[in-house]
Amino acid sequence: MKTNMDAPVVDFNDEDSNTSPNPTFDAVLQTRLSRRRILKGGMATVGSALFGVGLAGCNGDGDDDSDVDSPDTPPTGAPSTEPPEKLLNFGAVPKSLADAVSVPSGYTAQVLYGLGDPLAAGVLAYKNDGTDNDFDKRAGDHHDGMEWFGLGADNRPSASSTDRGLLAVNHEATTNEGLSSFFLHANGGTSTLPRPAAEVDKEIAIHGVSVVEVKKAGNSWVTVPDSVFNFRLTALSEIEIAGPARGNPLLVTKYSPDATRTRGTLNNCGTGKTPWGTFLTGEENWYGYFTRDAADDAARGNDKSVTSLRRYGRNQGAASRHGWESAGADDRYARWIISQSGASADGSDDYRNEMNGQGYVVEVDAYDRSRKAKKRSALGRFAHESAAFRTAVAGQPIIVYMGDDARGEYLYKWVSSANWDHADADAISRIAVGDKYLDNGTLFAAQFSEDGTGSWLELSMQNSAVSGYATYPFSDQADVAVNARLAADAAGATKMDRPEWCGVNPANGELYCTLTNNSSRRVDPTGSQYEPDSANPRVYTDMKGGASQTGNPNGHIIRIKESAAAGDGDRFEWDVYLFGAQADADVTTVNLSSLTDDQDFSGPDGLVFSAVTGLCWLQTDDGAYTDVTNCMMLAARPGQVGDGAKKSLTYPKGDGSTLTVDTYVGKPPAAEQLKRFLVGPVGCEITGFCETPDGKAIFVNIQHPGENTDQANLADPSKYTSQWPSNAGYGAGKRPRSATIVITKDDGGRIGT
């Protein structure tokens, strides 16, 4: 028997497979950005409440100083049916290591939808002891990004419904130690190969997407377990291939010889909501679910598919994350083996091309379970996070921004060929509208220059740098889409510190992108390490207890102002909105945003703008600062690109010389421009954000609380690092569960005011 000790421990959320020689910044100086003066903001008197979800907060308030760059009124175009409100008019929540959810005084949080909750009539309540099954009819695990879809009294889509709707929720992964998802199984599951089919079937089913009806009941919210709208997509659901890759030889498999379909959506992370009312889910760290034989390079004749596999993190001999391929000879297990084993020339008798069917933005009609979901290959294949739309304007193209979450990867933009027609917002066949705007257009990757400007580089066969790339000879545009990372390498895009969620400021159309961290930044880089540059400028040592963390452990948030008003041009300006840091870190080298104790954070991940208030909600997925605080969510009143100043960082090099890096730092946030709004339970990530159209209820996901529990302690709940949400009175058992919470204001007002 092979044990999990035979394979190295791999963090599939920290991929690093970009070995291209791309520079990390453009060496040619261009026009300098003008910088606006820094404005001072007032400090607030704060208070907060700490509680298990469902209890209201204690007293606290916050003062509000005016700021000409961040008005209190909602952004232009946002609903404004009530008197003007003060934004961020709440007491900042303190940092916390408690196994609970903390929200400000005057707010209440309630657990709404947890792992295993029923989604169909006749499904039993979740026992939470490892004996539950039928996960294709239950909530999946690791709740991540989500979107709200309103329902009217006539069961039709409603843009104005505030008390009834559908939540489309991503289920990214599952908490595991070694091979087994141990909280799902009665005795923790197996950590040896082969794995039992019953365990594997359960783990496959908890991945994907769920759609669940929710409604307001008095002052609370509830799910509707037997709603006709509820459904699941799992890692086995049939999904169509759309866009240039449809029917292409790169997608041929034993399951789909005509390359028009694949099975499942996997490792779903960030989301997007289209102007025509569909749900977009991003497939993130899917590569680790597949395995390759140790001699597969030679079996493939060392052809260009080997280059592609290596670039996407699957070297020959790579072991899979969960060992699903070992559960039996059935086709649903064999698909996870991507070695060339068949005799066919095209791959129609094996699964050598199976991994090419993962890594896309997937479009789902949350209102209509009968409509087959589609993988939008034109938007590129990589470790997708969210898909953020610029406001759709009649007669202008649809613009979508996307990040590739791995060290040294890129930021992307999609520009549709078709111009927006407002009539499409009311189309009955919503997926067909997606064909119009998401299958034809141009994909770009970002190159950041050291003078605060940048370029969008076209990823197409019309770009000679792509079509003439010697490392990987592209055959056609489908090849470019399927191997978007290689195309971005060829074009010369800038390697970034794990680009994650993107968001567009509704007030001015500027793009924000979280860069979570990069442990491989070095002043004297070797191997796959990266030298600091203007857009990723920090290299420092951060202490976590007695352990040193090097590189850029706390991450930052970059923002972009398009040069073209419609967002479809190829030039932009940029600066760094915020640098994550501990409040007492050196303000000249690390805490460049001058964060205070009420604002400091690490590991920015989720980022969503409210369409109602214009607030920017920031969420963290962090391991660098968790000796001080659990992960959190902050609310921000964003400024604009260029509102801060240029800063120069100088680093001593090993040869006695120095390296000077110029960067551009946004205006330091005053107390009333950035506040901590929520702190989660132990071991969790805070992720996913959506709101009702009136802004009076927000939905947030608490992912993998207690994930650092030792599997050996499964039988003793007192040794779980978290017992949330059972310790907040939700559900049976004490095993921690990912769950969606809903937050409301006790006075019935809008969240964040």
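A salt bridge here is a side-chain nitrogen of Lys or Arg within 4 Å of a carboxyl oxygen of Asp or Glu. By that rule the count comes to 48 salt bridges. Bear in mind that this is a predicted model.

**Stop 1**

Select the six strands that form an open sheet in the order 12-11-16-15-14-13. The pairing is mixed. Go to the edges next: strand 12 (261-263) and strand 13 (268-273) each have a single partner strand, so one side of each is left without a neighbour in the sheet. On average, neighbouring strands here are turned by 35° against each other, direction ignored.

Now zoom in on strand 14 (residues 279-283) and strand 15 (residues 361-364). They pair in the antiparallel sense over four bridges. Pick Thr281; its bridge partner in strand 15 is Val362.

**Stop 2: helix 3 against helix 8**

Select helix 3 (residues 304-311) and helix 8 (residues 484-491). Their axes are 9 Å apart, and the two pack at an angle of about 90°. Angles of 65 to 115 degrees count as roughly perpendicular, which makes helix 3 roughly perpendicular to helix 8.

Show the side chains at the contact. Helix 3 brings Thr307, Ser308 and Arg311, while helix 8 brings Arg485, Leu486 and Asp489. These residues divide into one nonpolar, two polar and three charged.

**Stop 3: from helix 8 to strand 19**

Glu409 lies in strand 19 (residues 407-409) and Arg485 in helix 8, so the pair ties together parts that are 76 residues apart in sequence. Are Glu409 and Arg485 buried or exposed? Both are buried.

**Stop 4: a network of salt bridges**

Side chains of opposite charge can pair when their charged atoms come close. Select Arg292, Asp296, Asp297, Arg300 and Arg310, which are linked in a network of salt bridges. Focus on Arg300 and Asp296: their side chains meet at 2.7 Å, N to O. Arg300 is buried, as is Asp296.

**Stop 5: Arg498 and Glu500**

Finish with Glu500 and Arg498. A salt bridge joins their side chains at 3.1 Å, N to O. Glu500 and Arg498 are both buried.

Terms used: Residues are numbered from 1 along each chain as its sequence is written. This is a predicted model: local features need pLDDT of at least 70, side-chain atom pairs count only at pLDDT 80 or more; totals for chains, interfaces and linings use all residues. Side-chain values use heavy atoms; hydrogens and water are left out. Axes are lines fitted to C-alpha atoms, for helices over the stretch in contact, and angles run from 0 to 180 degrees between N-to-C directions. Angles under 35 degrees count as roughly parallel, over 145 as roughly antiparallel, 65 to 115 as roughly perpendicular and the rest as oblique. Contact means heavy atoms within 4.5 Å. Ala, Val, Leu, Ile, Met, Phe, Trp, Tyr, Cys and Pro count as nonpolar, Asp, Glu, Lys and Arg as charged, and the others, Gly among them, as polar. Two strands pair if DSSP finds at least two bridges between them. Buried means under 20% relative accessible area, exposed over 50%, partly exposed in between (1.4 Å probe, protein chains only).
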